[in-house]
Amino acid sequence: MALINKIREKSGVAVTVIAISLILFMVGGDLLGPNSFLGGNSNQVVGEIAGKEINIKDFQSRVDGFRQNYEAQSGRSLNENELASLRDQAWNQFIVDIAYKKQFDKLGLSVTDEELVDMVQGNHISPSILQAFSDPTSGRFDKNAVINYLKNLKTLPVEQQKSWANFETSLREERIRSKYENLLKLSTYIPKAQAEKEYVAQNTKATTRYLYVPYFSVVDTTIKVTDSQLESYLSAHRSEYKGTDTRSIEYVSFPVQPAKDDSTALYNEIKELARGLATAQNDSSYAKMNSDIPLPMNMSLANMSDQLKEAVKTFVPGGVYGPYREGNTYFIYKYDGTRTDTVSSAKASHILIRAENQSDSAKAAARVRAEGILSQIRAGANFEALAATSSADPGSAQRGGDLGYFQNNGAMVKPFEEAVFSASATGLIPRLIESQFGFHIIKVTATKNNTLYRIAAIGKTIAPSQATRDEAYRKADEFANSVKTKEQFNEAVKKDKALVVATANRIPESATNVNAIQNGREIVRWAFKDDSKIGGVSQVFETEEQYIVAVLTGKSDQDNVKVDDFRDELTTKVRNELKAEQITAKLKGATGDLESTAKKYGAGALIETANDISLATGFLTSAGFDPIALGKVFGLKAGQKTGVFTGENGVFIMELINKTDAPKIADFTQNKTQLTQSLESRSSYLVNEAIRENAKISDRRAKFF
């Protein structure tokens with residue numbers, strides 16, 4: 001009897017524990033999650049816009065609505081990056097609903113029901129409706145398709161009805177925002193005086209000689225910068241350095257790389273697949289079902305790997321070949337012969353002499369240069385070497401001009417494509433080919449070929465086994481448990497030569513990646529936690545390819561800007577000021593022409609000439625665009641020389657050789673139009689920035705996601 005009573009007592013406890021467990025399972029996210037009250041986040045406000053607080057539940061409800069629409073249209077679940085994008089859309093929608101709507105209401109802007117009907121099926125169809133109800137083949141808009149859709153709307157599933165209602169809401173928002181932006185855009189006014197000033201700045205030309213001592217001519221290590229100097233500079237330029245909430249970390253990674261056993265296991269697996277591919281009744285279905293990566297059944301030389309291009313020459317129809325290894329993927333191929341394609345492939349190399357957006361004289365000079373290179377190649381010079389040193393196409397230049405295989409389907413610009421695909425033999429095309437990019441010198445390395453190879457291919461990528469992952473985690477966990485401070489972290493790294501310390505500076509709270517680490521959100525959340533102190537070491541973070549252990553090395557605060565927040569930038573500024581003082585002291589008091597002054601100064605002083613420069617776009621050879629220097633020289637008279645002054649990039653003495661004033665004109669309409677169009681093109685961006693700034697937006701989403 002006593003035993004039975006004991007069992008009953010224990011059973012009651014067990015039932016209670018199970019009940020509590022079920023409750024926690026159902027509501028645990030609300031009670032114990034990172035956004036929960038018990039999880040330490042009693043503030044459920046995700047942000048504030050124009051004085052209105054946004055509750056996390058309201059925000060999440062809108063995200064869920066966007067998510068349902070997206071998944072209904074795409075027919076699949078969202079990944080994390082897509083979900084993050086929807087959160088941004090939801091947040092921006094709140095900004096429109098609150099901050100923009102205040103501006104719309106002040107001006108009395110609205111979109112009536114009649115206007116909405118006109119946008120959907122009337123005489124002024126919205127571009128969004130045109131896109132949604134146009135024939136995909138002809139591109140022709142069918143208004144009857146819209147009317148029929150609306151007639152049958154009530155017979156459609158509820159989700160589709162909701163989607164249409166949301167679509168109409170977005171049409172209203174799009175139109176009212178367009179009205180607002182156009183209203184401001186049409187208020188743009190450029191006075192004649194401003195247009196005339198712009199015309200003069202563009203068309204007044206000057207030729208100048210100048211002495212220039214760049215900052216970089218003084219070795220950095222010879223200039224000592226103190227913290228007090230940095231503090232003084234920051235204090236004097238406080239408005240230029242806006243505070244932001246960021247964190248800086250150092251971290252080590254423990255990569256999860258396939259071990260030898262993993263490679264052996266996959267090699268054995270793919271040999272089994274090769275036997276299956278050889279006997280499969282439907283080899284294409286078998287290949288698709290067993291391949292880790294999608295591979296086309298019909299391949300041209302243009303979409304084959306280099307290894308396959310060589311191997312396919314030896315293939316016999318019906319044969320199974322491989323495995324071939326490319327990186328961490330093994331491939332096997334079943335070859336089923338060839339057929340003729342409607343598209344051809346070819347291979348070529350080129351040297352590009354750029355001449356786009358240049359004046360006639362510059363284009364003529366580019367042609368002369370290209371003809372000179374072509375003549376050198378025809379005389380026996382090495383094409384690849386000249387491509388590496390002369391081509392303006394950096395991607396192909398580093399490969400000796402090689403563009404690889406491409407097809408005649410618009411992959412290349414038309415003149416280039418026509419020249420290559422009309423070639424009947426390999427070798428140098430003996431004339432220049434001109435396109436919108438400039439002049440091309442072309443060597444055809446494989447003439448056109450319209451053969452398609454039917455290949456059933458299986459690609460299997462080596463993935464680390466669970467044992468391999470466990471071993472990488474063990475090492476990371478052992479490291480994390482052995483260090484508690486930055487000093488211990490550094491000592492442990494010194495002892496293990498396999499570890500490399502990486503640095504990520506000034507990470508914003510909303511960051512999802514940390515350097516090249518994808519999905520680094522948990523690392524960022526740890527760095528911003530209130531109890532994460534500078535010098536503290538993290539737990540082990542798991543990413544797709546590695547385990548990470550980090551140490552917090554720095555914090556910046558939006559409301560408390562410190563020297564350390566901008567130490568590198570401030571050091572450069574202060575160092576340049578000290579260099580300018582040193583250079584100026586050596587140049588001061590120098591007499592005579594620029595040459596004698598430069599000679600007296602010594603190494604580092606440059607004498608250069610800039611011809612026909614304008615105040616608007618003047619470019620000094622070594623100094624680049626320096627507005628201070630340009631302003632000085634255009635304030636001189638011919639033959640005059642400035643004293644020593646400090647510019648953007650160094651110290652100058654400018655001398656004006658001659659200046660040609662802009663021709664007198666009476667009508668500045670063209671200049672007014674150019675300035676107006678330039679301002680109008682930026683109006684949407686400027687309006688958006690002004691509204692956001694005026695709304696004093698506080699975005700705290702990073703605390704929740």
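Is Arg-567 buried, partly exposed or exposed? Arg-567 has 30% relative accessibility, so it counts as partly exposed. Here, buried means under 20% relative accessible area, exposed means over 50%, and partly exposed is in between (1.4 Å probe, protein chains only).

A word on the model before we go on. It is predicted, so local features need pLDDT of at least 70 and side-chain atom pairs count only at pLDDT 80 or more, while totals for chains, interfaces and linings use all residues. Residues are numbered from 1 along each chain as its sequence is written, and side-chain values use heavy atoms, with hydrogens and water left out.

**Salt bridges**

Side chains of opposite charge can pair when their charged atoms come close. A salt bridge here is a side-chain nitrogen of Lys or Arg within 4 Å of a carboxyl oxygen of Asp or Glu, and that rule gives a count of 30 salt bridges. Here are three of them:

| Pair | Closest N and O atoms |
|---|---|
| Asp-227 and Arg-567 | 3.0 Å |
| Arg-454 and Asp-336 | 3.4 Å |

Let's go back to Arg-567, which forms its salt bridge with Asp-227. Asp-227 lies in helix α9 (residues 227-236) and Arg-567 in helix α20 (residues 567-587), so the pair ties together parts that are 340 residues apart in sequence. Helices (H or I, at least four residues) and strands (E, at least two) are DSSP runs, numbered from the N terminus. Asp-227 is partly exposed too, at 47% relative accessibility.

In the next pair, Lys-313 counts as exposed, with 62% relative accessibility.

Now for Arg-454 and Asp-336, which form a salt bridge. This pair also links distant parts of the chain: Arg-454 sits in strand β11 (residues 438-461) and Asp-336 in strand β7 (residues 329-354), 118 residues apart. Both are partly exposed: Arg-454 has a relative accessible area of 25%, and Asp-336 has 41%. They also belong to a network of salt bridges that includes Asp-283 and Lys-334.

**A sheet and its helices**

On to the strands. Two strands pair if DSSP finds at least two bridges between them. Antiparallel strands β4 (residues 246-255) and β12 are joined by 5 bridges, and Thr-246 stands opposite Pro-508 in β12.
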